[in-house]
Amino acid sequence: MSRSQYLAHVNRWVVKMGSAMITRGGEALDTEALADWVAQMAALHKDGKQFVVVSSGAIAVGMQILGWQKRPTELSELQTAAAVGQMRLAGAWQEAFAAHNIRVAQVLLTHDDAADRRRYLNIRSALQTMCRLGIVPIINENDTVSFEEIRFGDNDNLGAMVANITTAGAYLILTDQRGMYNKNPREHADAQFLEQVDANDPTLPVMAGKTGGVLGSGGMYTKVLAAQKAARSGTHTVLAYGREPEVIRQAVGAENIGTLFLAPADSQQARKQWLGSQLQVQGTLYLDDGAVQALTQSHKSLLPIGVRRVEGEFARGELLRCCNMAGEELARGLSNYNSEDCRILCGKHSQEVARLLVHGETLIHRDNLVLV
């Protein structure tokens, strides 16, 4: 099947650039490459495509600014280099997009932010709003406050998490190799290039191996794991050579470039499986007929006015069961409010409690809800 069947309809893309792409020789920031990528995204942006950029390179750029020839091993020095480099990196992205009259926003994340459900929802709401307003988020790991136990470990994994948070249809990893082979092409002359694979194929990690160096610092293995993580929330991944002319335009245009990792055909099912595997149900909302119809037929978000009863004690961001008044489960979703607030808000029109709706007017947003 042609790629257009999977990618032509995708409106939101996460694009990740590794350090080998962002810098020249792992040192100075490659502003010409940034300008070229941004020009491609800007042209596609005019056609309605949305982009979220995951950018590596802060430590490498910081080392160059500080005049350090050797990468330090002490964590505090790495954090310092990241803090210095991140300023330059963010400025470079801002300048490049400003040339096309596109606004950007800097977002720094740690693993803690993703693991905590309330922070997860805050991040999700903010990124969704940025995309809706035509702002391009520039995301990196917050190396300055991270420490070894909570680091994402590589920005391939960070990009997959961002794809999940933003419900992106596709994730593009720009790297220093053409794509994926069935074995390391630097060691095996008979290695075969893989144009399209099932992201959940259990043999892919074996083909990739666990050693780094094939595709930058993270290696092919981390990129395969990132593609599989993205696939669990219904996101396709394209792995391509970042310096190929018009690489972003070709990938978004569903041309045969790089390796395409296909997510399960039913992205709603993938999202449901992801929610079910990560979270335990902490409470139940009982809905009136209007809310039931809005969720199941119109696929809308859950508003306070449609909730008749709240059961359980839960925090914001925890998973809730949505039932009709007969107790039949219809959907599950992540709550925007805790149980105490839900009890105050339920049955009320948004205008009645506008001052209390600090996390938005929905109890569960449709992006965080799956039918069962």
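How many bridges join strand E16 (residues 329–334) to E17? Three bridges do, and the two strands run antiparallel. Within E17, Val370 is the residue standing opposite Arg332. The model here is a predicted one, where local features need pLDDT of at least 70, side-chain atom pairs count only at pLDDT 80 or more, and totals for chains, interfaces and linings use all residues. Residues are numbered from 1 along each chain as its sequence is written, and side-chain values use heavy atoms, with hydrogens and water left out. Helices (H or I, at least four residues) and strands (E, at least two) are DSSP runs, numbered from the N terminus.

E16 and E17 belong to an open sheet of five strands, ordered E14-E13-E15-E16-E17, with mixed pairing; two strands pair if DSSP finds at least two bridges between them. Strand E14 (307–311) and strand E17 (369–371) sit at the edges with a single partner strand each, so one side of each has no neighbour in the sheet.

Now for the helices. Helix H4 (residues 58–66) packs against helix H5 (residues 75–98) at an angle of about 95°, with axes 6 Å apart; axes are lines fitted to C-alpha atoms, for helices over the stretch in contact (heavy atoms within 4.5 Å), and angles run from 0 to 180 degrees between N-to-C directions. That makes H4 roughly perpendicular to H5, a label for angles of 65 to 115 degrees, while those under 35 count as roughly parallel, over 145 as roughly antiparallel and the rest as oblique.

In helix H8 (residues 155–165), eleven of the eleven residues are buried, so the rest of the structure largely encloses H8. Buried means under 20% relative accessible area, exposed over 50%, and partly exposed in between (1.4 Å probe, protein chains only).
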